[in-house]
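Notebook open, structure about to go up on the screen. I'll jot things down in the order I look them up.

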There are 4 protein chains.
Amino acid sequence: MDATRSLQISVIGAGEPPPEAIPLAEEVGRELARRGAIVVTGGLAGIMEAVCRGAKEAGGTTIGILPGTDPRDANPYVDIAICTGIGYARNLAVVRSGRAVIAVSGAFGTLSEIAHALGDGIPVIGLSTWTLSRNGSVDTSIEVASNPADAVDRAFRAAESRDYAAVAARGEFR
Amino acid sequence: MDATRSLQISVIGAGEPPPEAIPLAEEVGRELARRGAIVVTGGLAGIMEAVCRGAKEAGGTTIGILPGTDPRDANPYVDIAICTGIGYARNLAVVRSGRAVIAVSGAFGTLSEIAHALGDGIPVIGLSTWTLSRNGSVDTSIEVASNPADAVDRAFRAAESRDYAAVAARGEFR
Amino acid sequence: MDATRSLQISVIGAGEPPPEAIPLAEEVGRELARRGAIVVTGGLAGIMEAVCRGAKEAGGTTIGILPGTDPRDANPYVDIAICTGIGYARNLAVVRSGRAVIAVSGAFGTLSEIAHALGDGIPVIGLSTWTLSRNGSVDTSIEVASNPADAVDRAFRAAESRDYAAVAARGEFR
Amino acid sequence: MDATRSLQISVIGAGEPPPEAIPLAEEVGRELARRGAIVVTGGLAGIMEAVCRGAKEAGGTTIGILPGTDPRDANPYVDIAICTGIGYARNLAVVRSGRAVIAVSGAFGTLSEIAHALGDGIPVIGLSTWTLSRNGSVDTSIEVASNPADAVDRAFRAAESRDYAAVAARGEFR
């Protein structure tokens, strides 16, 4: 990756979240912007809008990767709208465009994004989000954060240690 | 849907599953074929191959929706190979092409398929697969089956009661 | 590819074609089915429906790879409905799922499919379809057929000589 | 669309273009940046790299929508890398993310992008690119530009008059 390119961090979460998750997402956005990261989201309402609003308050840059083809679907805090027209398949592009992913709360769409990220070896930091279990024991792949600043700290650390070469060697489609 | 079209049921699971899951998948395939369903899978190895092998043993028809562009990637029990070339975004097409989904065991790819299915209102029957929790309480959206025949029973019942009109009214991309 | 898998040929064309193209598509469908090929289409109306109707008249098998998520969008002559939910990005899956492609008439969607096929090294046979020019000289990548039987003849010959290994060696994504 | 969001213009063209097309693409990039547009491309080499280089020389912002999952695939002049992992299906996102599209030279991938854009009602300005014919008469949907500055002029005019509401009313997937 070009040394001068800014770090991109993806933030995922539902379009209709519980009200108490909104300020968490705003603070994640503010903190990411303060630390110079570009914020990547799905571009719509709810958590996606809250994190973009927070990032813009702190002078950051926001990307919205939309499911549809109309940029007017993007929330008003999106600087750059990517119109995919591929529906929820855009969820994969959202997580893959971040060097780490922060999940705030979340419904099934968020769960699909968490799963795609973990399957691709992209670090996922969770804030009041899903807990996964397999065969009766909890899966610890999601790194649990205690608050927005902690989530951003963990995301930066995970992003810095991410090894793209290892993922490429593993192959993408198996 | 055309009244004469055969029922399609999707079966999902990992390419490198635990050995004990293989006979479960084979039996799911056999039972689906015996009952006249067309079996839809991701077309590759592991659970995908086992369910196709079972279905072919019982004289059924199998579809493999592949991540890549080469039909030779399909396991030898796939009758019809769909080459998408869109990578893991094909996971969405796998679950959407079934009127119900049976998950056998499974890794993160399977979890993404479960999440996409539940998000789209497609019934998911689980056999030794993921357990989901949110906010400390178990999410019961996955219907748990006790054995392959039970999974197929539940999938048929869920498929028959599935209401496409309700999903369409809800809108796809919001 | 498994030696026992049936040959799949894709047929592409517009949803609202000129009336004179309909009988051409029907005859292409009939001839493909008579010769044992499975017919792959985009599953909707117009040329897609005409070719499926022709194939079913001759006892063939038809696949419809749909842009949306509702199998009821498929025309009544589709045996197997693949619901992608990725919109027009499904055009790539339509051409990639055939060992050769026959284009009958066609609007811009068909042109995109022709371009994706040629870019992927998939043979394209044209019947009253687009003519392409670059730098003032006609591009001859589309093999022009004089009638439906000729189109099917050419598609079978092209499919038999298609070299998947060469495409794979070239790499997919650069 | 938010009134404060910058205009996005997509530039398409081959990864291995004829050498004489490179300075055309660079000048398109410079001119777009001078006029304040954000430049959207497929993010790889050739025309995509030349237009990004030109835009950066003039202080602009560049987006690369990549086919793969590794941001290091982006050329060094890409500011923001969108990693889709959906292969050439990303071509649709490239054209849809611009309010107008400028095609410089181009191979089959570019032709697919032109076709998708025209099918979606997105204006396409051509500079030494494909000529299309149907039924023996030239299709004039591509607006022909005589030089880079003229291409950018035409793209700005087309972008300003683009009517998203009309496209939405027509429906996306039929």
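**Entry 1: a helix in chain D**

I started with helix α2 (residues 47-57) of chain D: eight of its 11 residues are buried, so the rest of the structure largely encloses this helix. By buried I mean under 20% relative accessible area, with exposed over 50% and partly exposed in between (1.4 Å probe, protein chains only). Helices (H or I, at least four residues) and strands (E, at least two) are DSSP runs, numbered from the N terminus.

I noted the buried residues of α2(D) as D:Ile47, D:Met48, D:Ala50, D:Val51, D:Cys52, D:Arg53, D:Gly54 and D:Ala55. Their cover includes β1 (8-12), α1 (21-34), β2 (38-41), β3 (62-66), α3 and β5 (101-104) of chain D. After α2(D) I find D:Gly59, with a positive phi near 80°.

**Entry 2: ground rules**

I'm working on a predicted model, in which local features need pLDDT of at least 70, side-chain atom pairs count only at pLDDT 80 or more, and totals for chains, interfaces and linings use all residues. Residues are numbered from 1 along each chain as its sequence is written, chains are lettered from A and ligands numbered from 1 in the order in which they are written, and side-chain values use heavy atoms, with hydrogens and water left out.

**Entry 3: the core**

Which residues have the most contacts inside the largest nonpolar core? I get B:Leu132 and D:Leu132, in a core of 92 residues. The core is a set of buried Ala, Val, Leu, Ile, Met, Phe, Trp, Tyr and Cys residues joined through side-chain atoms within 4.5 Å.

I then listed what D:Leu132 touches, leaving out residues up to four places away in sequence. From chain C it touches C:Phe108, C:Leu111, C:Trp130, C:Thr131 and C:Leu132. From chain D the list has D:Leu111, D:Leu118, D:Ser137, D:Val138, D:Asp139 and D:Ile142. Contact here means heavy atoms within 4.5 Å.

**Entry 4: chain B against chain A**

I superposed chain B on chain A: a rotation of 180° with 0.0 Å of shift along its axis does it, RMSD 0.0 Å. The two copies are thus related as by a two-fold rotation axis. In chain B, B:Ser112 has the C-alpha nearest the axis, at 2.2 Å.

I count 33 residues of chain B in contact with 33 residues of chain A. The buried area is about 2,700 Å², and carbon and sulfur atoms give 63% of that. This is the accessible area (1.4 Å probe) that two parts lose on being put together, summed over both.

How many salt bridges lie between chain B and chain A? The count is zero. Five residue pairs are in polar contact across this interface, both residues at pLDDT 80 or more. On the chain B side, α3 (90-96), α4 (108-119) and β7 (130-134) each give two or more residues. The largest share, seven residues, comes from α4(B).

A polar contact is a pair of N or O atoms within 3.5 Å; within protein, one must be able to donate a hydrogen and the other to accept it, and residues adjacent in sequence count only if both atoms are side-chain atoms.

**Entry 5: salt bridges**

D:Arg96 and D:Asp120 pair at 2.7 Å, N to O. D:Arg96 lies in helix α3 of chain D and D:Asp120 in the loop between α4 (108-119) and β6 (124-127), so the pair ties together parts that are 24 residues apart in sequence. Buried or exposed? D:Arg96 is buried at 3% relative accessible area, and D:Asp120 is buried at 10%.

D:Glu27 and D:Arg34 also meet, at 3.4 Å. Here D:Glu27 is partly exposed at 21%, and D:Arg34 is partly exposed at 49%.

Note on methods:
Least-squares fit on C-alpha atoms with pLDDT ≥ 70 in both. Salt bridge = Lys/Arg side-chain N within 4 Å of Asp/Glu carboxyl O.
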